[in-house]
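Colleague: I am new to this structure and would like to go through it slowly. Could you show it to me, and then take my questions in turn?

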Amino acid sequence: MIQLGPHLTAEGTTLIKTHYTPKQAINDGSLFLMGNGYLGMRGTFMEAKKDAYAGIIVSDTWDNADGKWEELSTVMNGLFADIMWNDASVFTRPWQDFKRTLDLKTGIATREVTLDLDGTQLTVKEEKFASMADRHTLPMKITLTASRAIDLTLIQGIDADVWSLNGTHLKDVSFSEIPGGLAAEATLSNADTHVVVGMKAPLHTIVKKAHAIHSHRAVSLTPDTPVTFEQIMVVTSTNDHPNASQFVQDTLHACPSFDALKEASIQAWETIWRPFNITIEGAKDDHVALMVNTYHALIATPRHKPLPIGARGFSAQSYQGAAFWDQEIYNMPMYLYAEPEVAKNLLLYRYQTLSGAKEKAKKHGFEGAFYAWISGKTGEELCPDFFFKDVLSGRPIRNHFNLWQIHISFDVGFAVLRYVEQHQDHEFMRDYGLEMLSEISRFLASRVAYIPHRERYEIIRVQGPDEYHENVDNNAFTNYQAHYVLKETLRALEQHRDVEGAFLPTAKERTLWEDIAKRLYLPPVNADGLIEQFDGYFDLESIVPAEKVTERLQDPEEYYGYPNGITVFTQCLKQADTIQLFSIHPELFDEKVQKANYAYYEPRTLHFSSLSPTTHALVAARLGLLDEAYKHMKKALFIDLLNTNEAISGGTFIGGMHTANNGASWAVVAEGFAGVAYDHGLVMNPHLPEAWESLTLPLFLDGALRTFKITHTTITRTDDTPGRVTIQINQQTHHLEAQTSVPYTRS
Ligand code: BGC
């Protein structure tokens, strides 16, 4: 048994919790989430309703119910069930011997609890999952065992009384009986989308309520004889199946038993896990915590069509089920190394939303593609102008994430370049990449300011990754990233001169782009070896450690950032910014510079974004600062397990799984501790933490999956795929055949 937290352990690949209070429903509902990239069913129990944060969030169901937040909808719950005794739910009795589990390898969740019914012990077990084989299907099995004979009523049905974060999405909900089960249909409040849920279970007395349709079934239990009941839910929307009702009926009709569905899903999960199976030997808690994070990254990633990875996945509606830069910078690397098809799908999503990005640019007086800070289906900007409030005065705060956090466009461009380079997918570059890169460069050219007396281009009035400082000029991360993308775009255009398209730069534009590439201001390394995060940053008040600034809070829920928060006139950062630059562009600065900046910025960083720890862990690991790297990695691995991050900021709910951190945890282990990189071929410079004996890591290379076992002294190829793999280790080239080893010393 591996202890992970209070009442939280793991056995093998199973996460186990043995304590529950209603207060845990929000966080545990996220941690025990079941999902499959199409939907997520919060880890709540069968009898849960809105007040217990029950919710099944389905992809491609964006809707704006409150006039402010466009978010994915929670749909009617077709796995609702309850057990009645003496006209009351048995779950209102005190819970004994509670145990809930989630098998990370198969996505199967269980809850087992014993209830005392005036001397009769009733044990209820529910087992359920979101099928990975058929993404519209959620099967459940209920097992009841009583210590004495007892008569109960089992309720099974569809319940529309579900949690919804911002307004009521389900309009005109109608319930009906269909062959072999029940159905519920609804229209989303503001979108032209129809959602249909079906439930299959043997029907008995049908009871219709305002928010539900139930089948009531009398059940007589005999002592110590388990009885099982199955219930299967199917869901879709008209965005997936124009005739959604028919699809649901047909799927339910053809649906095999719970056990057959379970077997198929287990098989599908095996395939999903194969490329991501990292084994850490010597630190079981790290191993299983990494699995928890990888599991959540996988279930948050749509594979069925080009759609974004939501910043909270399908665990909660917070962050609108939408893509941020998280997708390209945090979630993409694991796919780049292990399953490039998924990386490509994510980029296709950005291609699909190019027109939204162009419209946004136009709306704000720019050219080209200005990607949305918060991007849903169409790429239209979903980030409202006002979302935090000043809790001291009650007044809304105007933040400019949607207008000034322009690095998002360059991050998308960076991901295109990285994918094409690593997988040599020139077809993608020709069909999609060049167009995206050209539009991004066009945006940059219209966004920079030429400063005549300094004879250079600058990028003014932006917000870098450190969101607490808005309206800054020449943010180092933004400028370097923009410069890199522009320079590489010009190179790609040169390489693909035969490609035609209206998106290509005119001769005049090209001259301008070349001039910008030559004269864009890149904040230099100063005499102390430091890069200034933005113009004037070094003149701000220095507070070390950054946490000291929190003494200035008047209210714990105050927003820390722009325009008046406690950090604004200080050097305290929300999250990695200059360090972020090193994490994705280690090639631009030597180790000495990176170390000096790490030493300067880390103590000034609050790490109040879940994005910060993995970035620090990655950079520190590469720099050989192993204690530092391990500390940050631990923090990252346990953000959701221990629920360390605030669920409310400036009055806005921001809870749920931290999907970027989930994906980046995999990347930290691979790119940080295993030192994996791609530089015209595979590079590996491992820096294993002392606590680990070895690390086994699959990587997708030259069209096949290879596996490497890394100890403190050797790298061994443990797969059997014929052919040799070329690796650069400490700048030396090695050719590794299957099942052979090479010694290395830490660089
Ligand atoms: C972070 C952003 C991030 C967003 C979504 C914010 O708290 O500061 O960098 O993109 O969360 O994860």
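Colleague: How many helices and strands does the protein chain have?
Modeller: This is a predicted model, in which local features need pLDDT of at least 70 and side-chain atom pairs count only at pLDDT 80 or more, while totals for chains, interfaces and linings use all residues. Residues are numbered from 1 along each chain as its sequence is written, and side-chain values use heavy atoms, with hydrogens and water left out. Taking helices (H or I, at least four residues) and strands (E, at least two) as DSSP runs numbered from the N terminus, the protein chain has 17 helices and 35 strands.

Colleague: What percentage of the residues of the protein chain count as buried?
Modeller: Buried means under 20% relative accessible area, exposed means over 50%, and partly exposed lies in between, with a 1.4 Å probe and protein chains only. Of the 747 residues of the protein chain, the share that counts as buried is 61%.

Colleague: How many aromatic pairs does the structure hold, and of which kind is the pair of Phe366 and Phe443?
Modeller: Rings of Phe, Tyr and Trp (its six-membered ring) pair if their centres lie within 6.5 Å, and planes under 30 degrees apart count as stacked, over 60 as edge-to-face and the rest as tilted. The structure holds 44 such pairs. For Phe366 and Phe443 the ring centres are 5.8 Å apart and the planes stand at 85°, so the pair is edge-to-face.

Colleague: Is Phe443 buried or exposed?
Modeller: Phe443 lies in helix H10 (residues 426-447), whereas Phe366 lies in the loop between helix H7 (354-363) and strand E22 (386-389). Phe366 is partly exposed, at a relative accessible area of 22%. Phe443 has 0% relative accessibility and therefore counts as buried.
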